[in-house]
Amino acid sequence: AMRLLSHGHEILGLVRNDDAANRLAQSGIEPVMGTLDDSDLLIKLARSSDAVINTANADHLGSVQALLEGLKGSGKPLLHTSGSSVVGDDARGGFCSPDVFDEQTPWVINPFKQARRDIDLLVLSGVNDGIKTAVICPSLIYGVGTGLNPHSVQIPFLASNAQERGAVEIVGQGLNVWSNVHIEDVASLYQLVLEKGPGGAFYFAENGEASYA
């Protein structure tokens, strides 16, 4: 949102409480009070906006259905955020997967993430209803953000956990490897997809990997 704001876009942000609304307004983003369960509101906002970017929840079916309804036949972009765990394995530190996914790789969906994958497919099918849809699957995002929450999940958690425990903890043998991507690269990707991406497109976002060990 901050990247798009700096490039001249006007941004509305859905928030659930007054504190977040005030902080968002101070950032130059117009806050709208509501939740993902407010289908009528989401439909209205989608219809009145030039584009919609969903970074709130990859697994909330009702909100996606509402956004698709609001954008139907408009030709406007809908960027939906999923996650690379749809093809993640259950290594638990025991191994490093040799699998590499590209455009020709058969999909093997993590059974725990099938519902998420179904939502991805629903979004992509919106291109048949005249919506310029795209699904972006970031891997673990790192770096210092410029929005309301500057913290990523991976390194800050590991560091604070090590401080509390007095030791760095890993899962199992620590042999699992995670793909990751920097927040600035994620922001660049969203901007490029919004402004230049084709409808019905699917993107993995990754530019490195690291072992928790």
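The charged end of Arg-117 sits over the ring of Phe-202, at 5.5 Å from its centre, and Arg-117 also lies over the face of Trp-107, where the distance to the ring centre is 4.0 Å. A charge is taken to sit over a ring if NZ of Lys or CZ of Arg is within 6 Å of the ring centre and within 35 degrees of the ring normal. The model is a predicted one, in which local features need pLDDT of at least 70 and side-chain atom pairs count only at pLDDT 80 or more, whereas totals for chains, interfaces and linings use all residues. Residues are numbered from 1 along each chain as its sequence is written, and side-chain values use heavy atoms, with hydrogens and water left out.

Three aromatic pairs are present in the structure, a pair being assigned when rings of Phe, Tyr or Trp (its six-membered ring) have centres within 6.5 Å, with planes under 30 degrees apart counted as stacked, over 60 as edge-to-face and the rest as tilted. The pair of Trp-107 and Phe-202 is edge-to-face, because the ring centres are 5.3 Å apart and the planes stand at 85 degrees. This pair links distant parts of the chain, 95 residues apart, with Trp-107 in the loop between strand E4 (77-81) and helix H5 (114-125) and Phe-202 in strand E8 (residues 201-205); helices (H or I, at least four residues) and strands (E, at least two) are DSSP runs numbered from the N terminus. Phe-202 also forms an edge-to-face pair with Phe-204, at 5.3 Å centre to centre and 85 degrees between the planes, and Trp-107, Phe-202 and Phe-204 form one aromatic cluster. With relative accessibilities of 34% for Trp-107, 25% for Phe-202 and 36% for Phe-204, each of these residues counts as partly exposed, the class between buried (under 20% relative accessible area) and exposed (over 50%), with a 1.4 Å probe and protein chains only.

Elsewhere, an open sheet of three strands has the order E6-E7-E9 and mixed pairing, two strands being paired if DSSP finds at least two bridges between them. Strand E6 (140-142) and strand E9 (208-211) are the edge strands, each pairing on one side only, and neighbouring strands are turned against each other by 45 degrees on average, direction ignored. Strand E7 (residues 177-182) runs antiparallel to E9 and is joined to E9 by four bridges; Ser-179 has Glu-209 in E9 as its bridge partner.

Definitions and conventions: Axes fitted to C-alpha atoms, helices over the stretch in contact; angles between N-to-C directions.
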